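Here is a short report on one protein model.

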Amino acid sequence: MRFILNVLWFIFGSGLLLAIGYGLAALLCFVLIVTIPFGVAALRIAGYALWPFGRTVVSRPSAGVASGIANVLWVVLAGWWIALGHIVTGVAQCVTIIGIPFGIANFKLVPVAFWPLGRQIVDVDNPRVEEQSWR
């Protein structure tokens, strides 16, 4: 069922358009060198926006203070209006019975769009946070 919902989301629920938008935002962040951490977060959101069903967002306990400070900057500059866009789109999609799963997928994107750093996207069946090793 997740696969079918993901394919329908990709085609009809704006999954492809969201992924392209977040990908372009990531590209802009990479060009502006100082904003590379935001670009990495935008790529993570793009992957989640492409296939949201069967995955969820969890907080990484080892994220640190720098992630919190950067998230405050993100919220002020972009996060609040991106999250608001997901909320408005989700409400509009929930107007019809067929659009309810797509609206729920948009609501799932709100927390990671609002506060993206220090989060990880994991499988619903195995929601364990895996720490990345940079060795």
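Is Trp74 buried or exposed? Trp74 is buried, with a relative accessible area of 10%. Buried means under 20% relative accessible area, with a 1.4 Å probe and protein chains only.

## Basis

This is a predicted model: local features need pLDDT of at least 70, side-chain atom pairs count only at pLDDT 80 or more, and totals for chains, interfaces and linings use all residues. Residues are numbered from 1 along each chain as its sequence is written, and side-chain values use heavy atoms, without hydrogens and water.

## Aromatic pairs

Rings of Phe, Tyr and Trp (its six-membered ring) pair if their centres lie within 6.5 Å; planes under 30 degrees apart count as stacked, over 60 as edge-to-face and the rest as tilted. The count comes to 4 aromatic pairs. Trp9 and Phe102 form a tilted pair, 6.0 Å centre to centre, with 45° between the planes. Trp9 is in helix H1 and Phe102 in helix H5, 93 residues apart. Both are buried. Trp9, Phe53 and Phe102 form one aromatic cluster.

Phe38 and Trp74 are stacked: 5.6 Å centre to centre, 25° between the planes. Phe38 lies in helix H3 and Trp74 in helix H4 (residues 65-93), so the pair ties together parts 36 residues apart in sequence. Helices are DSSP runs (H or I, at least four residues), numbered from the N terminus. Phe38 is buried too, at 11% relative accessible area.

## Loop residue Thr35

Thr35 sits in the loop between helix H2 (15-31) and helix H3 (36-50). Its side chain reaches the backbone oxygen of Cys29 at 2.7 Å.

Key:
Helices (H or I, at least four residues) and strands (E, at least two) are DSSP runs, numbered from the N terminus. A polar contact is a pair of N or O atoms within 3.5 Å; within protein, one must be able to donate a hydrogen and the other to accept it, and residues adjacent in sequence count only if both atoms are side-chain atoms. Buried means under 20% relative accessible area, exposed over 50%, partly exposed in between (1.4 Å probe, protein chains only).
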